[in-house]
Amino acid sequence: MLSRLTVHPFAAGAMATFLLLLPLWVPLLTPLQALVPLPLLLVSLRLGNRAALIAVLVLLTGASVVGGGWPFPLAVFLLFAAFPLLAARLLRMGWQTSHCAFIAFLLGNVVLLLLLGGSTLLGWDLPVLLTREMNTMKEAVMTALTEQGTGNAAVVELGISLDRIIAWVSLLLPAMVLTSWYLIQMANLLIARNVVQRWGGAGLAGENLATVRLPFLLVWLLIAMAALALFAQGAWRYVGINWGLFLAIPYFFQGLAILQRALQWYRASPVVRAAVYTALFFWTGLVLLVLLVGLFDTWIDFRLRFFDNKEGENPSGR
């Protein structure tokens, strides 16, 4: 089905538009929006830049129909279309998937630094501003529930729950948004890579993702941000928390590479592999474990110790 829908740019754009807009009417299908970049990636890899631009124009036209002026189509382009266009072009030029992932990581860091640095220079206290806006929305919701006759106890309990959510969101919103963006781009990039390989893999550079390793110096930046989050106050603590969380995300993918290497080593069946990767979507504890394995691999080097004893003298670049 994907092959048929991505053989023509209008069909690919229509598929992306469908994935974007359907959840607006059926909120339970919101996770489908994470797949919006996939048809754009596939049509670009198959047919080139012009076809990809046509598909993106179809998507943006569909976003414009929803209304709200130009901000919504612009947000759709930045969140779902800009990186797929860049990544597909780089892949067609011979770049590896891990290189594209690194570019996305750099872009996320640039945006995060501009946001955090710009707000600091302008004197904006982002947690306070976000808390104020979300409290306004909370009060509107609680007033509406009270007017509808909802019991006082239920309204008070809801208010307490919303206060907790507001406290976390106001503290972590920049990292949450950029982490979500990065994970969506990486998921679609990996899916597109797998799909294109099944179609023959024409034009894609060969790469074994189970051997991907992060630069050793990155961990020191992560440790510095953790120190700020734990010991600093005010704006510096806010920077440490949000930048540190974003810097930790690549270690999840390093842990995922170790997991993939382990499954290869033990010759796990396709059913077992599918079960393990499916569990990552539903079991938060497993996600955290994979991230920690990826982080401690910086020093322990699990693959060299347990799987790749003949890989080389200095495989992790230390």
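Buried means under 20% relative accessible area, exposed over 50%, and partly exposed in between (1.4 Å probe, protein chains only). You're looking at a predicted model, where local features need pLDDT of at least 70, side-chain atom pairs count only at pLDDT 80 or more, and totals for chains, interfaces and linings use all residues. Numbering starts from 1 along each chain as its sequence is written, and side-chain values use heavy atoms, with hydrogens and water left out.

Start by selecting E139, which is partly exposed at 44% relative accessibility. Its salt-bridge partner is K138, with the closest N and O atoms 3.7 Å apart (a salt bridge is a side-chain nitrogen of Lys or Arg within 4 Å of a carboxyl oxygen of Asp or Glu). K138 itself is buried, at 11%.

Helices here are DSSP runs (H or I, at least four residues; strands are E, at least two), numbered from the N terminus.

Stay on α8 (residues 152–198) and pick S170. S170 is buried, at 4%. Show contacts (heavy atoms within 4.5 Å) and, beyond neighbours within four places in sequence, you'll find P127, L130, T131, M134 and Y238.

Last stop: R213 and D301, whose side chains form a salt bridge at 2.9 Å, N to O. Both ends are buried: R213 at 18%, D301 at 2%.
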